[in-house]
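Good morning, and thank you for coming. Please have the sequence and the model in view.

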4 protein chains.
Amino acid sequence: MIKVGIVGGTGYTGVELLRLLARHPEVELRAITSRKEAGMPVAEMFPNLRGRVKLAFSTPEDADLERCDVVFFATPNGVAMQQTRALLDAGVKVIDLAADFRIKDIAVWQQWYKMEHACPDLVAEAVYGLPEINRDRIRRARLIANPGCYPTAVQLGFLPLVEAGVVDTGFLIADAKSGVSGAGRKAEVATLFAEAADNFKAYAVAGHRHWPEIKQGLEIFAGKAVGFTFVPHLTPLIRGIHATLYAKASADLDLQALFETRYAGEPFVDVLPAGAHPETRSVRGANVCRIAVHRPQGSDTVVVLSVIDNLVKGAAGQAVQNMNIMFELAEDTALADVGMLP
Amino acid sequence: MIKVGIVGGTGYTGVELLRLLARHPEVELRAITSRKEAGMPVAEMFPNLRGRVKLAFSTPEDADLERCDVVFFATPNGVAMQQTRALLDAGVKVIDLAADFRIKDIAVWQQWYKMEHACPDLVAEAVYGLPEINRDRIRRARLIANPGCYPTAVQLGFLPLVEAGVVDTGFLIADAKSGVSGAGRKAEVATLFAEAADNFKAYAVAGHRHWPEIKQGLEIFAGKAVGFTFVPHLTPLIRGIHATLYAKASADLDLQALFETRYAGEPFVDVLPAGAHPETRSVRGANVCRIAVHRPQGSDTVVVLSVIDNLVKGAAGQAVQNMNIMFELAEDTALADVGMLP
Amino acid sequence: MIKVGIVGGTGYTGVELLRLLARHPEVELRAITSRKEAGMPVAEMFPNLRGRVKLAFSTPEDADLERCDVVFFATPNGVAMQQTRALLDAGVKVIDLAADFRIKDIAVWQQWYKMEHACPDLVAEAVYGLPEINRDRIRRARLIANPGCYPTAVQLGFLPLVEAGVVDTGFLIADAKSGVSGAGRKAEVATLFAEAADNFKAYAVAGHRHWPEIKQGLEIFAGKAVGFTFVPHLTPLIRGIHATLYAKASADLDLQALFETRYAGEPFVDVLPAGAHPETRSVRGANVCRIAVHRPQGSDTVVVLSVIDNLVKGAAGQAVQNMNIMFELAEDTALADVGMLP
Amino acid sequence: MIKVGIVGGTGYTGVELLRLLARHPEVELRAITSRKEAGMPVAEMFPNLRGRVKLAFSTPEDADLERCDVVFFATPNGVAMQQTRALLDAGVKVIDLAADFRIKDIAVWQQWYKMEHACPDLVAEAVYGLPEINRDRIRRARLIANPGCYPTAVQLGFLPLVEAGVVDTGFLIADAKSGVSGAGRKAEVATLFAEAADNFKAYAVAGHRHWPEIKQGLEIFAGKAVGFTFVPHLTPLIRGIHATLYAKASADLDLQALFETRYAGEPFVDVLPAGAHPETRSVRGANVCRIAVHRPQGSDTVVVLSVIDNLVKGAAGQAVQNMNIMFELAEDTALADVGMLP
């Protein structure tokens, strides 16, 4: 059994990790930390876990994380980088669901995350945990930077086009819509029900932290600098991201075949038939990215539609997928949930 | 492997049966019928099932249901009663998710369902599939009348009180609230998003078909006639029923202990600690009924709060639970989903 | 023109007052205070008011409220009682939308609101601002205790029955459902979109502050002590309260006629035809309480359905109605909005 | 008083027209037709109108529309073109809220609307009712083609850029999101609450009828052919459209000033301050288009955010605005509602 610890389990990625890991046949949950809630049974905060997770929150001191095989950080940005080295030194693998190890260029990271990085060398070592591009490196990694939610949906949507060099990489656009759980389980006015229900808005058009993360990925796929515009929106969903991607075709190719070929054999990317429109609810609770590619009105504009559940393929599910790969388990262990529709 | 057929798979209970059965390790899905959609792959109508259910809808004629071990009817009322005898005669067990076999008094059934019953003798034979009261009879049954959604939540909430004879059974009130999926997957104006979202209303106050079903159950628990008022409401949830039950205490008892004792050992009824308020989302997608009992302000009014997912413990999940019992499987096989929160 | 001041304009009742008063032809908005937001234009916080309300928030010191004709308190409980005497002394009328002056029994108030009352004599003077029972006293009042949202819906629903003495007042039940804006515009986890959407729950079953307020009203209507149970629920609406009321008939009366007669001539209470079910959206944004009365299944249980918009007839609209009465204006001035459906 | 008739009042644009016209001081509602519902009081179908609209639906024969001053068509496409000529001949002005007169190129119209046009000459005469570009022509018109909802939001967002010639008109993109009321009040599975809630999807990417309407407008603004991609999405709002527009800057201009200047004096277009993000709820129920313009990350991509209420500025409100202009009334008569927030 894999001994698992979770740091910071009081947010949505934390409870989602617990939902998935509670049914993982190879996992033994050892500890879940929250200094503030130490002593409270997890199932008291999250009643869906009643009868399924017996753990109580513990202080970091009591958690004895160094005896785990793997530790997930479901913490705010800036926490994992403080604690990762000690864990790695103790032989513990680390999967960070926050952004501490995602961006290779430390200066860029520091500019967007407004703090100094505690361990640039570990950033260099960390593997970006998108299995569809890094599966082999994940298998051998000690430290995984689990991708952001928007970056997962957007990169998987652009990947075949940019890798194949069939679009103008100087003018890539991602118009992305996220459910409100993406903002986290934090007491804030802007994400109250009475503010976010029956309302739709863009936000952070001037600059969102996922922009440099996605840009970094696209430039790796392209092998060169790209021009990329990212506009996120808040939409009245609990869960779900829908990314609508726009690019100008620079070559005449069978795009449907391109996508199907690229993702053949990928267990968690589903290319829909030509003409289809993926729905976020088709992946609600499931570790799947569903994608459709269009070229409307015979124009040279390519439109890609890409959906994920931001808490599953966009966070906790992908983290478990990475763990499965790292521990040589069947990649879909505990990830077989069917999307909950309706 | 249990060979399973489903009649009428294009509604919400149908797709929910498929979501659950797709991961059932002892089940082989053999056929799902829809005369109207014959030939269409199920996963085309319900894209959450892509890659998980390969079946296409078939006509009843092609489905060869008599070679199944069990057939679920996820059909409108009045269909199962036409086809059940032939299946039973062929040695097939039948679980009807509609109302054809729920009410023992044929005259009452005919009054509420506005049609003549096709097989009163089978009504007499059918076992009401609420495992918490009928587990042994379910085990030996050929024909199960799967309870309605409201009746499951309301009966499980009242059961300990009425069985124990500690409330005035002449004045029982159930104020029940249902998500919109309870109205089914039917093209109707009243359940459009733009009608039902951001709106709350009671309906059918003059009389709802679940009233006689619940009354029948309460009278069995009580061993005598009861006075029972039932007011259903439509609330902007996709899934979920919340029943708030009111009764006048006629004895001074530790109600918390009464409930805990009655449901000790029940795998799918969860009695919350004193003072708690169950939330529908804590059972979203899960085959669980969560219950809390209160006696506010030291009065003699007992208030019971009971929540289920109307499509799971209120329909498809309970049907699978009944099948597990009938086939001597572990009762929670394929029913271990944790409620999806958030 | 009536010179109006608002204390505490950053919550939902504050912005709703502004929405209504911005179009009131007899009102001149003089000041709106918020110590925290002093200097910020109101329309920056509430962009629906752009181009319609030019005021900026000011400090209480700068607001010069004593030169207003009337001041509305849209503040947390406990604020108005500190400032009311000075305003009254300066000849300013006061309408408190919080609970400071609603409960006549100071001991009861102090028990439920967990603070000492600053001015019991003003509680004695204050008029409870439910025009349907106190219109004449409101006309002559200096100080109005604007009713709570639940109390408005519940009292208007019970009023005809209890006044007429046709129900058993020993066992009155109010099962009430509120939209999330009722919890206010406060940063809290429990009312986040991702917590409150697609979820339904009861809360405060052990005791809610509106229980003594409603009980006080019912006892005035009845002229004696009553037995009253109140169970509030949170439902995924932005606005709206639906109260479902239960009582045991003690006399055989034409209830439809009773309600229609009682509310004949009331501009803001609408008794629906027999058999109807009021919907919260039919009063969305409108200063109306719609009511239907039922007696299901020929039983002796009376069921009353009562809906309001918690921010309008349940708060700001009723406050403006009270102001109109106090200043001898047409009672529906600025209150003619039609409910927004869909 | 202007005598008004409405043809086809059982849909959402119909009830919204009634909500607005019920408070219009210069309007006398004479008739509202629905062959199917003839005889039913309008307020029975739409209870928000109780006490405010006394009319019952009448058959077209009984409606005597030729004695009205103006008739609104709130009908499916293809109805208005059958009845308009007779009304115009009788001296009645006509405002069509459907698409019969929007597209000047009859062949294009017939291709997208799949029917033969009944009166191409009236298409030539009809004035496209977007006051921000056609106010003077509207004033003199007999026949108004009221713009579609998406076309209103998208054209008002692109107008300043395209008119000024500061973007590459060969690659214009509109990513638009609509609330579900945009699909109308029709019994359909796809727009049921249980289908559309907590779900987000694109639709009609291959081609939507509003594409040629918008393209026609953009080409008029540009004075030449344009390349235009339009991707509509369904989002779980009751009301609201959010259009996110992308273009490549071809000149270096102060975009904020460009927008503010273009819309200075427009009563129903509100240009937000630089850096702002308009929210759909800020225009809920209001006849306003709010717009913000961005140029993120110093790139040459221009992003415009444009929001309307699809039933108000996107349909019924704009129709009333057109009527006000045609009858020389103050343009904002009956259109002064403040957006309902929350």
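Let me begin with a convention about helices: an axis here is a line fitted to C-alpha atoms, over the stretch in contact, and an angle between two axes runs from 0 to 180 degrees between their N-to-C directions. Please also keep in mind that this is a predicted model.

With that convention, consider chain D. Helix α8, residues 149-164, and helix α12 of chain D have axes that come within 8 Å of each other and cross at roughly 105°. Angles of 65 to 115 degrees count as roughly perpendicular, so α8(D) is roughly perpendicular to α12(D). Which residues meet there? From α8(D) they are D:Cys149, D:Thr152 and D:Ala153, and from α12(D) they are D:Lys313, D:Gly314, D:Ala315 and D:Gln318. By class, this contact of α8(D) with α12(D) has 3 nonpolar, 3 polar and 1 charged residues.

Helix α12 of chain D, residues 312-326, also meets helix α1 of chain D, residues 12-21; these two axes come within 9 Å and cross at roughly 45°. That angle makes α1(D) oblique to α12(D). The crossing of α1(D) and α12(D) is right-handed. On the α1(D) side, the contact is made by D:Thr13, D:Glu16, D:Leu17, D:Leu20 and D:Leu21. On the α12(D) side, the residues are D:Val312, D:Ala315, D:Ala316, D:Gly317, D:Ala319 and D:Val320. The residues of this contact between α1(D) and α12(D) divide into 8 nonpolar, 2 polar and 1 charged.

Let us turn to chain A and its sheet. In what order do the strands lie? The 7 strands form an open sheet in the order β3-β2-β1-β4-β5-β7-β6 of chain A, with parallel pairing. At the edges are β3, residues 57-58, and β6, residues 127-128, of chain A, each of which pairs on one side only. Within the sheet, β1 (residues 2-7) and β4 (residues 70-73) of chain A pair in the parallel sense over 4 bridges. One point to find on the model is A:Val4, whose bridge partner in β4(A) is A:Val70.

Helix α1 of chain A, residues 12-21, touches β1, β2 (27-33) and β4 of chain A, and its direction makes about 160° with that of β1(A). Helix α4 of chain A, residues 80-89, lies across β4, β5 (93-96) and β7 (143-145) of chain A and runs at about 165° to β5(A).

How is chain A divided into domains? The domain assignment gives domain 1, covering 2-125, and domain 2, covering 149-310, of chain A. The C-alpha centres of domain 1 and domain 2 of chain A lie 27 Å apart. Their contact takes 10 residues from domain 1 of chain A and 7 residues from domain 2 of chain A. On the side of domain 1 of chain A that touches domain 2, the largest share, 3 residues, comes from helix α5 (residues 106-113) of chain A. That side of domain 1 of chain A divides into 6 nonpolar, 2 polar and 2 charged residues.

Next, the contacts between chains. Chain C has 41 residues in contact with 41 residues of chain B. Several elements give two or more residues to the side of chain C that touches chain B, among them β7 (172-178), β9 (228-234) and β13 (301-308) of chain C. The largest share of this side of chain C comes from β10(C), with 4 residues. By class, the side of chain C that touches chain B divides into 18 nonpolar, 15 polar and 8 charged residues.

Chain C also meets chain A, with 16 residues of chain C in contact with 16 residues of chain A. Here α9(C) gives the largest share of the side of chain C, 3 residues. The side of chain C that touches chain A divides into 11 nonpolar, 2 polar and 3 charged residues.

I close with some backbone details. Most residues other than glycine have a negative phi, and most peptide bonds are trans. A cis peptide bond joins B:Leu341 and B:Pro342, with omega about 0°, and B:Pro342 is in the segment after α12 of chain B. In chain D, a cis peptide bond joins D:Leu341 and D:Pro342, with omega about 5°; D:Pro342 is found in the segment after α12 of chain D. Finally, A:Asp64, a residue other than glycine, has a positive phi near 55°. A:Asp64 is found in the loop between α3 (60-63) and β4 of chain A.

Technical notes: Residues numbered from 1 in each chain as written. Chains lettered and ligands numbered in written order. Predicted model: local features only at pLDDT ≥ 70, side-chain atom pairs only at ≥ 80, totals over all residues. Parallel < 35°, antiparallel > 145°, perpendicular 65-115°, else oblique. Left-handed = near helix turned anticlockwise from the far one by under 90°. Contact = placed C-beta atoms within 7 Å. Nonpolar A, V, L, I, M, F, W, Y, C, P; charged D, E, K, R; others polar. Pairing = 2+ DSSP bridges. Domains from an automatic or database assignment.
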